[in-house]
Amino acid sequence: SWTSVPWRDRLYMGFIGPRGIIALATVAYASLLVGTDNPTMNILTILTFVIIFFSGFFATAVSRPLASILGVSITDTQLGMLIIGVNSFSVEMANFISQYVPVSFVDTNPSVCEGIESKGHISVCADVLDGDVYEEAIEQGLGRLLVMTSDEALNQLIAETASTHLGSGHVYRAKAHKAQQSISLTRQRDPLLAFKTDFYITDALSALGSGQGSFEILPPDHIKGNGVVPLLEIIDGGKGLKVLRPKDKPQGQVFCFLDVRRAGQ
C-alpha cells in the first residue's frame, strides 16, 4: 500500500510516473464519440501527443538529479548480483547476498538451473557468453557479476564478455586454481579480481568438502591470518554490499570465508 512507501519515494514516483496513457485513452474515446473527421478533435489529438512527449522528456531529464536530491537513487553497492558458477561456495555466497540485494544464478545447463531453484534461488538458464543476458539483467536491477567457476580460462572469458555490457567496474572474478595459467586476452576492459590474490575457488571447495571451511560475519579488526578471506562488506546501513578486492580495507561487518587448514600459516 501507499502507506508503506516512504514519502520520498512517493514524491519521486509522482514526478516521473507515467500519466500519458489516461489522456490518450480519453482522447481515443472522445474520437469515437465525435468522429475522427472533426477538425477540433484532430487538433486535440495532436496536442495530447505533444503533451505526452514533452512530459516524458521532462521526466527523463529530471529523473537522475531528482533521485539524488531526494536520496532515492540506487548506489552501485545496492545493485543486485548475478553469479556464474554453481557450487557449494557460490551457493553459500548467494544465501548471504540475498539478505541484502537481489541475486540470481546464470547457467547453460537446465538441470543445474532446476537444482539451484530447488535451493530457493532464482536462475537464468542461458548462454553465459550471450550479451543479451546481461542487458536484461541490468533492466532488472542486477548490475553486478561474480564469476566463480572452477575453470580459470572460462572465468576470464565470461568476465571479459560481461564487462562490455555491465562495465568493468561491476564485474568481479575469483581465481579458479593456482596451478592454472591465465589465458591471454586482448582486453578493452579489465574485470576486477575479487577477494584475496591467493584465494582459489577449488581450494575453498576442497575445504568445504572436508569440513574445514566455513563462513562467518566478522568485524574488521577480527580479519586476521591467512585462514580468513574477506568476501563482502555490509554497507549503506545494511542496504548494500561491497565485493572486497585484495587491497580493500573494510570498515564495517564483513562476510568471510574461514579455512582452518591455513589458519596457522
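What follows is a working chat about the predicted model shown above.

Q: Before we start, what kind of model is this, and what pLDDT do local features need?
A: This is a predicted model in which local features need pLDDT of at least 70 and side-chain atom pairs count only at pLDDT 80 or more, while totals for chains, interfaces and linings use all residues. Residues are numbered from 1 along each chain as its sequence is written, and side-chain values use heavy atoms, with hydrogens and water left out.

Q: OK, how many helices and strands are in the chain?
A: The chain has 8 helices and 10 strands, where helices (H or I, at least four residues) and strands (E, at least two) are DSSP runs numbered from the N terminus.

Q: And how much of the chain is buried?
A: Of the 265 residues, 40% are buried, with buried meaning under 20% relative accessible area, exposed over 50% and partly exposed in between (1.4 Å probe, protein chains only).

Q: Which strands make up the parallel sheet, and in what order?
A: The open sheet with parallel pairing has 6 strands in the order 3-2-1-4-5-6, and two strands are taken to pair if DSSP finds at least two bridges between them. Its edge strands are strand 3 (122-125) and strand 6, each of which pairs on one side only.

Q: Which helix packs on that sheet, touching strand 2 and strand 3?
A: That is helix 5 (residues 110-118), whose direction makes about 170° with that of strand 3. Touching, or contact, means heavy atoms within 4.5 Å, and the axes are lines fitted to C-alpha atoms, for helices over the stretch in contact, with angles running from 0 to 180 degrees between N-to-C directions.

Q: Why is strand 2 described as largely enclosed?
A: Strand 2 (residues 103-107) is largely enclosed by the rest of the structure because 5 of its 5 residues are buried. Val 103, Phe 105 and Asp 107 are buried on one side, and Ser 104 and Val 106 are buried on the other. In a regular strand the side chains alternate between the two faces of the sheet.

Q: What does strand 1 do next to strand 2?
A: Strand 1 (residues 81-84) runs parallel to strand 2 and is joined to it by 4 bridges, and Ile 83 stands opposite Phe 105 in strand 2.

Q: Changing topic, how many salt bridges does a search of the whole structure find?
A: The search finds 1 salt bridge, the term meaning a side-chain nitrogen of Lys or Arg within 4 Å of a carboxyl oxygen of Asp or Glu. Glu 152 forms it with Arg 173, and their closest N and O atoms are 3.1 Å apart. Because Glu 152 lies in helix 7 (residues 152-166) and Arg 173 in strand 5, the pair ties together parts that are 21 residues apart in sequence.

Q: Are those two buried or exposed?
A: Glu 152 is buried, with a relative accessible area of 4%, and Arg 173 is buried too, at 12%. Arg 173 also has Leu 193 as its bridge partner in strand 6.

Q: Where does Ala 174 lie, and what does it touch?
A: Ala 174 lies in the loop between strand 5 (171-173) and strand 6 (192-193), and it is buried, with a relative accessible area of 0%. Not counting residues up to four places away in sequence, Ala 174 touches Val 147, Met 148, Glu 152, Asn 155, Phe 195, Phe 199 and Ile 201.

Q: What about the sheet with antiparallel pairing?
A: That open sheet has 4 strands in the order 7-10-8-9, and its edge strands are strand 7 (213-218) and strand 9 (240-243), each pairing on one side only. Strand 7 and strand 10 (residues 254-259) pair over 6 bridges in the antiparallel sense, and Gly 213 has Asp 259 in strand 10 as its bridge partner.

Q: Last one: is Phe 53 buried or exposed?
A: Phe 53 is exposed, with a relative accessible area of 56%, and its place is in helix 3 (residues 39-70).
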